[in-house]
Amino acid sequence: MTLAFTICSINYLAQAQTLGQSLKEQNPDVEFVIGLVDRLDKVQLEADKIPPFQMLEIDKINIENFEEMCLNYNITELNTAVKPFFFDYFLKNRADITNIIYFDPDIIVYDKLDKLQNSLLTYEIVVTPHISSPINDRLDTNETDHLNTGLYNLGFIAVRRGEETIKMIDWWKEKLKKDCRIDLCNGLFVDQHWINFVPLFYKNVLVEKYPGYNVAYWNLHERKVTQENGKFFINNVPLIFFHFSGYELKKPEEVSKYQNRSSFENRPDIVPLFRYYAQKLSDNFNEYYIQIKCFYIKPPKIKRYKRVRKVLQLPFKKLIELI
Amino acid sequence: MNSSLIYTICSANNLYQAFALGFSLKKTNPDYRFVIGLIDKKPQTDFEYPFSVISIDELHHAPFREMSERYSIIELNCACKPVFAKYFLNYFPNTELIYMDTDIWVMNNIDEIITNLVEKDYDIILTPHITRPIGDQEEWSEKNFLNAGLYNAGFFALKKTENTIKMLDWWENRLFDRGYLDYCKGMGADQLWLNFVPLFFEKVLVEYNPGYNLAYWNLNEREISLNPAGQYMADAGYPVKFFHFSGFSPEMPNLISRHLPKTQIQRYPVLKELFNEYQRVLLENHYYFFKGIVPAYGIYTPPAKPKGLVSKLIDKGSWKVINFIENFEV
């Protein structure tokens, strides 16, 4: 049996349900779970807004250091840090499940996952690189961004139950207890940068370059979308899943808030995908969910008297310079 | 002579290491051509150069002047690796090329590298810094390699093919103005770029043989021993082919590397003799003559004087106060 899951807080339930619906349509035999970094008992969701999918709240999977993680991490860091803990939970509590696939909530699955299931017969772990060919302009995002944040995109990772998988998940969990931060100068970028090591540390890892996987703004320079009989193709092979990373319904004319290379003007081939996505998000009550605050995230501390602090620090900074 | 060329790159102040590398090759792999690419003017000496040296001046590489004004000496040296690689593949008859950092010491026959290129048909060979997780007790951590790069750029091997030339063109282009050591901006000289090589190019071999490129960063994951024949072995069964004395100084022979100020050679007693020998060879190769030379190209920063105890205490104390003021909750 195969289980696919995503992770989000209540504010992203429109995305998660869009993913769930697309997955069910093409792969009815794959079980789908929404890992929820939030508390359903702390909000009163309107009756028609309760997702018809399995939801597994984070407090139900007993993460050892969870309270500490909540204190130290922001919403992005926290939502990514719990990923290996969900894998671990499914591996330990769902003996009937062999393959586990993680998708970011802002992904749509367009086709059967047969190719992936086949890969998992041979390999234990499948990851997708952000890019598999050079970027020759100087726009964002560029090669140096991927060097800073990770070669593989962690909006997707698939594993088969096995020795290497268990070793990898255990190692990843250990790393993310404290080092799931965004701190580029110290080599850290959430859960993702760590995965650079996976093909080096573990056996049976497939780095999947198939262009129909994890298509997103970062690899549009090497991927062309076409349509035939209502089906999407990427570089002439079937599109399996598209990742709408950084797309926001409040700015529907922007491909992604993280980049400046592609627009709907210079990339008319991607327009139908995004138009459909925008429709799905609003059908799935994006506006309703997006305003609900995550239970686990504390409001950021506001530092006061910044100027006074600076003046007081100045003599000591000068002293350090002098010696 | 076989059809393979081994080259290294340095400024004049590291020529003593380049010579040591050359002599180690002469002893273990005498039929390889060895050339030193010098990112500098060739200094006048009262002894003969034991190996052929080609100065960057002889390459007439037009972008070099700009690079020299932009980069520190280490960045500049690193950025010239693909420049020399293309030069050798163009103007020398050799079809296989091995690059080694000057502080590498070859200890065994390396024909296997050429076999992998010629018979197994790989175009590019790289070695990973580490091949398994690093424990918490160590002085360095996996994080360091997320910044610095998965593969060590102190060694790579190439075969002349269209695919390889594409890789060298790409690398050279990136290193023209994105070869800084600036981790915050996703740059780690020439090395961090190598992360992309197995993704962008074909026929890349990531070589896991534990006998390759031993250095302070992977000593803890490899079992080193001496066999009865006096040969160094890694993980029983793999002869050590080459050792990378990264960060070693003959003036501090008890430190494995200046990057690990707390790790003494005593931790690896089996290596003591190897380090002694390497220290001796460096001194024999005019260490004191070369180390004082100020390189002609690249931005030179004189080595910082070590701080005295009093300065260290003031420094530490001041930072404590600054952080206290910063984090004081009102």
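Two strands are taken to pair if DSSP finds at least two bridges between them, and strands (E, at least two residues) and helices (H or I, at least four residues) are DSSP runs numbered from the N terminus. The model described here is predicted, so that local features need pLDDT of at least 70 and side-chain atom pairs count only at pLDDT 80 or more, whereas totals for chains, interfaces and linings use all residues. Residues are numbered from 1 along each chain as its sequence is written, chains are lettered from A in the order in which they are written, and side-chain values use heavy atoms, with hydrogens and water left out.

A second open sheet, in chain A, is formed by 3 strands in the order β11-β12-β13 with antiparallel pairing. Here β11 (225–228) and β13 (237–238) of chain A are the edge strands, each pairing on one side only. Strand β12 (residues 231–234) of chain A pairs with β11(A) in the antiparallel sense over 4 bridges, and A:Val225 stands opposite A:Ile234 in β12(A).

Between the two chains, 44 residues of chain B are in contact with 46 residues of chain A, contact meaning heavy atoms within 4.5 Å. The buried area, defined as the accessible area (1.4 Å probe) that two parts lose on being put together, summed over both, is about 4000 Å² between chain B and chain A, and carbon and sulfur atoms give 62% of this area. Across the interface the rule for a salt bridge (a side-chain nitrogen of Lys or Arg within 4 Å of a carboxyl oxygen of Asp or Glu) finds 4 salt bridges. B:Asp177 forms a salt bridge with A:Arg138, in which the closest N and O atoms are 3.0 Å apart. On the side of chain B that touches chain A, α6 (142–148), α7 (162–177), α8 (197–200) and α11 (309–327) of chain B each supply at least two residues, and α11(B) gives the most, with 10 residues.

Two backbone features fall in loops. The peptide bond from A:Asp140 to A:Thr141 is cis, with omega near -10°, and A:Thr141 lies in the loop between β6 (125–129) and α6 (143–149) of chain A. In chain B, B:Ala189 has a positive phi of about 50° although it is not a glycine, and B:Ala189 is found in the loop between β9 (187–188) and α8 of chain B. Most residues other than glycine have a negative phi, and most peptide bonds are trans.
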